[in-house]
Amino acid sequence: MASTLNPYLNFDANAREAMEFYQSVLGGDSVINTFGEYMPDAGDIADRVMHASLQTEAGYTIFASDTPPGMQSTPGTSITVSISGDETERLRGYWAGLTEGGTIEMPLEMQMWGDEYGSFTDRFGIPWMVNIAGPGQQG
């Protein structure tokens, strides 16, 4: 297998909800494993997500987990997830779905460099950028 670079997102007890939402928008197959599956004495965190993965038909992979007790969770402070390409309708569909319940910082619209671009923070506090390559451009 060739190497890949994938975002690994951490959440404060709502990783399952976030991954189910991302799957509803991006499609694909999701696998969710809980702390309780691997730690018989997990107690209060037994149902929280230890590791989740989403593999989409478009070739995207997103990993996620809930932050265990004792570790700090500060979503969105040091990462932005970027989706770019030239599949205009697919990317506009992702934009429409992922912005639901979120905050749009820059609307998805034509930019001076010839691409459609926009940015938002989703309802889970994760910042995203979407760039749709213009004619003759690469995303």
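Student: Is glutamate 116 buried or exposed?

Tutor: This is a predicted model, in which local features need pLDDT of at least 70 and side-chain atom pairs count only at pLDDT 80 or more, whereas totals for chains, interfaces and linings use all residues. Residues are numbered from 1 along each chain as its sequence is written, and side-chain values use heavy atoms, with hydrogens and water left out. Buried means under 20% relative accessible area, exposed over 50%, and partly exposed in between, with a 1.4 Å probe and protein chains only. Glutamate 116 has a relative accessible area of 14%, so the word that applies is buried.

Student: With which residue does glutamate 116 form a salt bridge?

Tutor: A salt bridge is a side-chain nitrogen of Lys or Arg within 4 Å of a carboxyl oxygen of Asp or Glu. For glutamate 116 the closest N and O atoms of the pair are 2.4 Å apart, and the partner is arginine 92. Glutamate 116 lies in strand E7 (residues 116-121) and arginine 92 in helix H3, so the pair ties together parts that are 24 residues apart in sequence. Helices (H or I, at least four residues) and strands (E, at least two) are DSSP runs, numbered from the N terminus. The partner asked for is arginine 92.

Student: Which residues are linked with Arg92 in a network of salt bridges?

Tutor: Arginine 92, which is partly exposed at 33% relative accessibility, also forms a salt bridge with glutamate 89, where the closest N and O atoms are 3.1 Å apart. Because arginine 92 and glutamate 89 are three residues apart in helix H3 (residues 88-98), about one helical turn separates them. Glutamate 89 counts as exposed, at 59% relative accessibility. The residues linked with Arg92 in the network are Glu89 and Glu116.

Student: What is the N to O distance in the salt bridge of glutamate 87 and arginine 90?

Tutor: The structure holds three salt bridges, and one of them joins the side chains of glutamate 87 and arginine 90. Both residues are partly exposed, glutamate 87 at 41% and arginine 90 at 34%. The N to O distance is 3.6 Å.

Student: Which residues does isoleucine 45 touch, not counting residues up to four places away in sequence?

Tutor: Isoleucine 45 sits in the loop between helix H2 (35-38) and strand E3 (49-55), and is buried, with a relative accessible area of 11%. Isoleucine 45 and proline 69 are 24 residues apart in sequence, with their C-alpha atoms 8.2 Å apart in space. Taking contact as heavy atoms within 4.5 Å, the residues touched by isoleucine 45 are Phe35 and Pro69.
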